[in-house]
Number of protein chains: 2
Amino acid sequence: MPSDVVNLRDKLDRFSGLWSPRVVAEMNDYQFKLAKIRGEFVWHDHRDTDEVFLVIAGEMSIEFRDGVTHLSEGEMCVVPRGTEHKPYAENECHVLLVEPRGVVNTGEAGGALQAENDVWV
Amino acid sequence: MPSDVVNLRDKLDRFSGLWSPRVVAEMNDYQFKLAKIRGEFVWHDHRDTDEVFLVIAGEMSIEFRDGVTHLSEGEMCVVPRGTEHKPYAENECHVLLVEPRGVVNTGEAGGALQAENDVWV
């Protein structure tokens, strides 16, 4: 059976909530998730896993305790496990996240921006 | 330390070989690899892992024994483990592959198109 095609822009058109990642594909025990972000997230880390951010549209920053990484469309970075970080976007930015199934967006931090997990679009 | 930024188009400018994936990032035991493809690859499968194709520029097809999946820029698919497939691109196409470290491009098939593994760009 041919494999399902995931069109990232079509998927982005199908939700509007900010800071609420939607799963678009699974590979082994990893998930590819789209997120729309704007404003400041919370400081958090993921103790057991690295996390990939790949910017699909717009610009974002990831603040670390000792510096900032800026990402534009077509740029990606890997946040190492256990590294505190705080994503930020001045204007709405669309991001593809790659991480193991079950990772919570706020890590250990919780709070108002903690999103429901494993929501597909 | 802020995380390294990987600009996919900059990385693509730094190599020209076809069917020869270059690693651009590692997340846990997974690798993100860029590949330039044109023409027909070989039938093969990866017995132990799924494999993600995400088209960065151009168009490609993945032939399966019972159908074909077409992918354009901004589209991705997951080839399930153990599923025979044959990538194809009429014109040069640039793809981001995601798969565990150590996966060989030709799977069990080998042959002239088998690329050296774990080559970074």
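**Note on the predicted two-chain model**

1. In chain A of this predicted model, 66% of the contacts with a separation of 6 or more are accounted for by residues 24 or more positions apart. As for burial, 38% of the 121 residues of chain A count as buried.

2. The secondary structure of chain A consists of one helix and eight strands, and their order along the sequence is β-α-β-β-β-β-β-β-β. Chain A is as compact as a globular protein of its length, because its radius of gyration of 14 Å is close to the 14 Å that the globule rule gives for 121 residues. The C-alpha trace of chain A spans about 50 × 30 × 25 Å along its principal axes.

3. Turning to the contact between the chains, 31 residues of chain A and 31 residues of chain B take part. On the side of chain B that touches chain A, the elements giving two or more residues are strand 1 (6–7), helix 1 (8–12), strand 2 (22–27), strand 5 (59–64), strand 6 (67–72) and strand 7 (75–79) of chain B. Of these, strand 7 of chain B gives the most, with five residues. By residue class, the side of chain B that touches chain A comprises 18 nonpolar, seven polar and six charged residues.

4. The pairing of strands across the two chains deserves a separate point. Strand 7 of chain A (residues 75–79) is joined by two bridges to strand 1 of chain B, and the two strands run antiparallel.

Technical notes: Residues numbered from 1 in each chain as written. Chains lettered and ligands numbered in written order. Predicted model: local features only at pLDDT ≥ 70, side-chain atom pairs only at ≥ 80, totals over all residues. Contact = placed C-beta atoms within 7 Å. Helix = DSSP H or I, 4+ residues; strand = E, 2+ residues; numbered from the N terminus. Nonpolar A, V, L, I, M, F, W, Y, C, P; charged D, E, K, R; others polar. Pairing = 2+ DSSP bridges. Rg over C-alpha atoms; globule rule 2.2 N^0.38 Å. Buried ≥ 20, exposed ≤ 12 C-beta atoms within 10 Å, placed from the backbone.
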